[in-house]
Amino acid sequence: MNLIIDVGNTSVKIAVFQADELIEKITCSLEAFENNFENLLKKYPEINKSIVSSVGLLSNLQLETIKKRLHVLVLNAETPLPFINDYKTPQTLGVDRMALVSAAVKKYPYQNTLIMDAGTCITYDFITNQNQYLGGAISPGIRLRYTSLNNLTANLPLLTKEKPKMIIGNTTNSAIHSGVVHGVLFEIDGVIQTYKEKFSDLTVILTGGDANFLSKQLKSSIFAHSNFLLEGLNHILQYNSNE
């Protein structure tokens, strides 16, 4: 059994996999990590391997705690990946993007695949049907757009995401909702259409915290996956365990 540890900006996701099957997932604060880690090891004594992503946010003590209990793979730019990485600056490629592409390789092998992760940022990553990762794009996410309008202007309020009722906003709040949400939707649909013009038989995946909110409003046909990043981390761990 594998233990997947994904440390984000505000929380930690811990997942237990039996081969390719997700058995349990916990989201907790960094402060509550060690307690949840110990509880999962007691619950699943068969766990013997782990992968840690975004390790910079873990303290050395927390990382040593994991290493004392399990065989640990710390994901970084030197980690062997299950695809050909043609990114020109591999040292700067985020571990989250490595994991998402790895998940695509596992679930949709040898297909032209566009993976979109809608979180704090919206990342676009493309891998060809020859298993070559070419790169993609990084754009501000929904919350970042709302926050920027509030932080960088004098009078615009900070709003939480809301599905716009119409394209024409007739109040300041409805105009912000229309601009932010439709702006993201038009961007995503435009990116998908541009890729489809260049690459045939395109598979499109949407994941991340805003995936469900966006997927129902997009014109394009997509596959929505809630645990795609965790599945990718598990695949990287399996890939390195079998080498």
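How many helices and strands are there in the protein? The protein has 7 helices and 11 strands, assigned as DSSP runs (H or I, at least four residues, for helices; E, at least two, for strands) and numbered from the N terminus. The model is predicted, so that local features need pLDDT of at least 70 and side-chain atom pairs count only at pLDDT 80 or more, while totals for chains, interfaces and linings use all residues. Residues are numbered from 1 along each chain as its sequence is written, and side-chain values use heavy atoms, with hydrogens and water left out.

The C-alpha trace spans about 60 × 40 × 30 Å along the principal axes of the protein. Of the 243 residues, 46% are buried (under 20% relative accessible area, with exposed over 50% and partly exposed in between; 1.4 Å probe, protein chains only).

An open sheet is formed by 5 strands in the order 3-2-1-4-5, with mixed pairing; two strands pair if DSSP finds at least two bridges between them. Strand 3 (21-28) and strand 5 (71-74) are the edge strands, each pairing on one side only. Strand 1 (residues 2-7) and strand 4 (residues 49-53) run parallel and are joined by 5 bridges, and N2 stands opposite K49 in strand 4. Helix 7 (residues 228-241) lies across strands 1, 2, 3, 4 and 5, running at about 125° to strand 1. Such angles run from 0 to 180 degrees between N-to-C directions of lines fitted to C-alpha atoms, for helices over the stretch in contact, where contact means heavy atoms within 4.5 Å.

There are 7 aromatic pairs, counted where ring centres of Phe, Tyr and Trp (its six-membered ring) lie within 6.5 Å; planes under 30 degrees apart count as stacked, over 60 as edge-to-face and the rest as tilted. F33 and F37 form a stacked pair, at 5.7 Å centre to centre and 25° between the planes. Both lie in helix 1 (residues 33-43), 4 residues apart, and both are buried. F126 and F199 form a tilted pair, at 4.2 Å and 35°. This pair links distant parts of the chain, with F126 in strand 8 (residues 121-127) and F199 in the loop between helix 5 (172-198) and strand 10 (203-207), 73 residues apart. F126 counts as buried because its relative accessibility is 2%, whereas F199, at 24%, counts as partly exposed. F83, Y87 and Y133 form one aromatic cluster.
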